[in-house]
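Here are some notes to read alongside the model.

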Amino acid sequence: MAKLQAIQNALISINETVFQDLCDSLIYKTIDQRLLFSRTGSQVGKQKTRKGTPDSFVLLENGKYVFVEYSTNVTKGVLKLISDIKKCLDTNKTGVPLEDIEKIILCFNFNVKTNEIQKILDTVKTTNIELQLYSLDTISLELSLNHRDLVRDFLGLSFDTGQIVSIDKFIKEYYAYQPKVYTNA
């Protein structure tokens, strides 16, 4: 089985908690201008999700927010995604004014058709909020091409010997094994 298809099959079969953890890690790696990353939809110290809006959020250096919603609910599909967007736009649920939301990211482990994407896009049409969609295909390609360490860590798939890692992971691992030097200064 080809690498991309193996990743897709693994993404379809993992539970919602692992999917959310994987996507949180992926998004954390892709947003540079962050002051804070909060995983509000995850229970601390447990591999369980909890209800909340949004599932995760990023506070950017410019004071704006990026809201993130996750879905593994293929049955409800697009209706679930639209519902998630509407919850993010509900200032009573989030406590954040719409003008302070820069982007909403939807991560989902299924694919959508063009007419369904248009329905999703229409949900934010009257706002100035950017919408970013991470579908099954988007996530699997991103993981395959740029984040093999996440594929190994979250999906248990290994396509190489682990000698080639991302720059971030190399730096983290390099400094983790450096001896600490103490001085009396």
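1. Is G156 buried or exposed? Please keep in mind as you look that this is a predicted model. G156 is exposed, because its relative accessible area is 60%. You will find G156 in the loop that runs between α7 and α8 (167-176).

2. Now to I7 and its helix. Helix α1 covers residues 3-13, and its buried residues are A6, I7, Q8, A10 and L11. The cover over these buried residues includes α2 (16-30), α6 and α7 (148-155).

3. The pairing of α1 with α6 deserves a careful look. Two packed helices are described by the angle between their axes and the distance between the axes. For α1 and α6 the angle is about 125° and the axes are 9 Å apart. On the α1 side the contact is made by K3, L4, I7, Q8, L11 and I12, and on the α6 side by L136, D137, I139, S140, L141, L143 and S144. By class, the contact of α1 with α6 has eight nonpolar, three polar and two charged residues.

4. Within that contact, which residues does S140 touch, leaving aside its neighbours within four places in sequence? They are L4, I7, Q8 and L11. S140 belongs to helix α6, residues 136-146, and it counts as buried because its relative accessible area is 0%.

5. L143 is another residue of α6 in the contact with α1. Not counting residues up to four places away in sequence, L143 touches I7 and L11, and also L22, L26, R148, L150, V151 and L155.

6. In soluble globular proteins, nonpolar side chains tend to be buried together. The largest nonpolar core here has 26 residues, of which L11, C107, I139, L143 and L155 touch the most other members. Two or more residues come from each of α1, α2, β2 (56-60), β3 (65-71), β4 (101-108), α6 and α7. The greatest contribution is from α2, which gives six residues. There is also a second, separate core of 19 residues, with L81, L106, V124 and I129 among them.

7. Lastly, how do α3 and α5 pack? The axes of helix α3 (residues 77-89) and helix α5 (residues 114-122) come within 9 Å and cross at roughly 15°, so the two helices are roughly parallel to each other. The crossing of α3 with α5 is right-handed. Their contact brings V78, L81, I82 and I85 of α3 together with E116, K119 and I120 of α5. Five of the residues in the contact of α3 with α5 are nonpolar and two are charged, with no polar ones.

Key. Residues are numbered from 1 along each chain as its sequence is written. This is a predicted model: local features need pLDDT of at least 70, side-chain atom pairs count only at pLDDT 80 or more; totals for chains, interfaces and linings use all residues. Side-chain values use heavy atoms; hydrogens and water are left out. Helices (H or I, at least four residues) and strands (E, at least two) are DSSP runs, numbered from the N terminus. Buried means under 20% relative accessible area, exposed over 50%, partly exposed in between (1.4 Å probe, protein chains only). Contact means heavy atoms within 4.5 Å. Axes are lines fitted to C-alpha atoms, for helices over the stretch in contact, and angles run from 0 to 180 degrees between N-to-C directions. Angles under 35 degrees count as roughly parallel, over 145 as roughly antiparallel, 65 to 115 as roughly perpendicular and the rest as oblique. A crossing is left-handed if the near helix is turned anticlockwise from the far one by less than a right angle, and right-handed if clockwise. Ala, Val, Leu, Ile, Met, Phe, Trp, Tyr, Cys and Pro count as nonpolar, Asp, Glu, Lys and Arg as charged, and the others, Gly among them, as polar. A nonpolar core is a set of buried Ala, Val, Leu, Ile, Met, Phe, Trp, Tyr and Cys residues joined through side-chain atoms within 4.5 Å.
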